[in-house]
Amino acid sequence: MKTTSTPTHCPYCALQCGMNLSPAPEGGVEVTERTDFPVNRGALCGKGRTAPALLSSRVRLTSPWVRSDGVLRPAGWDEALDRVAEGLARTRAEHGPDALGVFGGGGLTNEKAYALGKFARVVLGTSQIDYNGRFCMSSAAAAGVKAFGLDRGLPFPLEDVPRTGCVILVGSNLAETMPPALRYLTELKENGGTLVVVDPRRTRTAEQADLHLAPRPGTDLALALGLLHLIVAEGRTDEAYLQERTSGWEEARAAAMAYWPEYVERITGVSVPQLRETVRLFCEPETAMVLTARGPEQQSKGTDTVGAWINLCLATGRAGRPLSGYGCLTGQGNGQGGREHGQKADQLPGYRKLTDPAARRHVARVWGVDPDTLPGPGRSAYELLDALGGDIRSLLLMGSNPVVSAPRAAHVEERLRALDFLAVCDVVLSETAALADVVLPVTQWAEETGTTTSLEGRVLLRRRAISPPEGVRSDLEVLHGLAARLGVEKGFPTDPEEVFGELRRASAGGPADYSGVTYRRLAEENGVFWPCPGTTDDDRPDDPSGDAGPPSAGPPSAGPVHPGTPRLFLDRFATEDGRARFAAVSYRTAAEEPDATYPVLLTTGRVVAQYQSGAQTRRVEELNAAAPGPYVEMHPRLAERLGAADGDAVAVVSRRGRAVAPARISRAIRPDTVFMPFHWPGAGRANTVTNPALDPTSRMPEFKVCAVRLERVGQEAAAGRERRP
């Protein structure tokens, strides 16, 4: 182990906070402050501070496991990799390549995500690959591409947020999901700006707001349409901007005019005075932003909903101007980079489209294969999971835990059990890994070097600080070993910098162009914002004339080193004509509305001390003590009707299943709604209940709203407090 500190980044959320890893007195490493990274300036949440606890052999996997006679047992690497290769090869021989599924994760580094997509398409020949990031940012990504021609979570750095005049924050509880980012909102208010928070719960973030709007879950689209109606009615549009920089305004305006304030109040529960005050706060300053997160995005109309919020920025001339515009607060650690380089069902590296012949030619040339051999688009994440045990017979899963994180989770668990063969690469024995035929233990953030891309679009370098346990290998080594066993001896290096070099060539000229980014630059510059075209002959795309990306991310050219692009769209948008496109959308209800049998709405989310499916954070004692189990948050009026007191076991029942957890009585939530955090398996698994209804464009499931009924149960049913597996 090194005797000096190693600068690196947190393994959790998309802030990718900077930290130093220093030798700990008792052995291993400890986190120490790193003040030179501008995003968090040394601040960390409890998850980041305790991240080294997962490096302990007491809580992690340290050798492969294989299933024999129905039971997992320790095994050597050769046996384990042989078993995986044989299982995949057998399925392909018997059922064809599309009977093989691959499921990735938004926590994988860019190198791993790139290699996994290449492995699926080149080695396995399957179209059936997607990843859990589909459950996080896909609606915002789809809406961004429609409006701007390009998806990058934030088209500006976080440092711009405190300098704007107003922020409308829609469906985000920053104080709990990414606590170090809360300072940007605090500084916004200190600078004289205002904050409007849209959330059905009065969260810790909403408590910081100048104005809190608490709409009925699933009605964010109607709310945005009503605000646009008022912007038009009050004469607050920027007519010159509309003429010069947008298209589709007439249609969008006509759609919004059907949503007069009193009608929107009836739909959303947000009062007319609050609607008018929101418009005033947003329109009076010279600059303003709209930031969305999972609240409006995890809906069966999430793409249209985000598009309607983008419309507010376009109608008032905010997007593509300094200190203004629309941004998505990406969630997972590499949620941005993970959706750019090939593990999505319809995508090739560099955010290229799998259906684009020029993109296929370029990437195939980098990979040394015939473009005609590359499969077409496959199923989206939930559709892929739903097909397990049917059309898809075997699955390679890397960095995800869908038994806890997927909607309609009991059904997904059944489909995983129905597979002929399941192999899982993970750090811990997650609930999904426990179902596998082979479990492969892989390295963690502190034990490997690689890149991630933060919610700002800033490519970052994580550095290896310690060596992994002897029985642990990297995901790149796993893919190398499997490729060789399946007949592909070359093309899957184990050195992450070598993989990144190939990723740069594959992305060159694409929308997400990394060709000018190098490990050395990342180390010296504290990250580089994409697009960053290459500037030397070695960085040029193989076919610079054939498949350049949009105008803002064009092919590299000789000359000075490209500085990267912290701020997008200042001159033009990444559409063919350079104009942003309005979304002409209309409100529609959630896929499942309350009725006499299921009269209450359920919404789900996170708590500060846990992360995603909890597979890692539930193994950290300090975090578990702070958030030991699930709960059902409900308003006192709802609790009174149910006859439930604080701490009583309550069943939340939907058409898909039943979750049981203790009641938490709070006036912070609407009387018609209950809230459950989704980090736990077992009886308190919130995603047993959630609805997999999909957005028609993004294929995002509707995690944020479904119809349920509540039942009091005996105290013995309070086993919703899940123990660590």
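**Figure legends: helix H10 and its setting in a predicted model**

**View 1. Buried residues of helix H10.** In helix H10, which spans residues 261-268, the buried residues are Pro261, Val264, Ile267 and Thr268. These residues lie on the same side of H10, because the arc they cover around the axis is only 120°. An α-helix has 3.6 residues a turn, so residues three or four places apart point the same way. The model shown here and in the other views is predicted.

**View 2. Cover over the buried residues of H10.** The elements covering the buried residues of H10 include helix H7, residues 220-233. Helix H11, residues 272-283, is also among the elements that cover them.

**View 3. The residue after H10.** Gly269 follows H10. The phi angle of Gly269 is positive, with a value near 85°.

View 4. The protein chain contains 22 helices and 30 strands. Along the principal axes, its C-alpha atoms fill a box of roughly 70 × 65 × 55 Å. Of the contacts in the protein chain with a separation of 6 or more, 75% are between residues 24 or more positions apart.

**View 5. Burial, surface and charge of the protein chain.** Of the 725 residues in the protein chain, 66% are buried. The protein chain exposes about 23,900 Å², and carbon and sulfur atoms supply 47% of this area. The protein chain carries 83 positive and 88 negative charges, whose mean positions are 2 Å apart.

Key. Residues are numbered from 1 along each chain as its sequence is written. This is a predicted model: local features need pLDDT of at least 70, side-chain atom pairs count only at pLDDT 80 or more; totals for chains, interfaces and linings use all residues. Side-chain values use heavy atoms; hydrogens and water are left out. Helices (H or I, at least four residues) and strands (E, at least two) are DSSP runs, numbered from the N terminus. Buried means under 20% relative accessible area, exposed over 50%, partly exposed in between (1.4 Å probe, protein chains only). Contact means heavy atoms within 4.5 Å. Accessible areas come from the Shrake-Rupley method with a 1.4 Å probe; for residues, only the protein chains shown count as cover. Lys and Arg count as positive and Asp and Glu as negative; His and the chain ends are not counted. The place of a charge is taken as NZ of Lys, CZ of Arg, CG of Asp or CD of Glu. The arc is that of the directions from the helix axis to the C-beta atoms.
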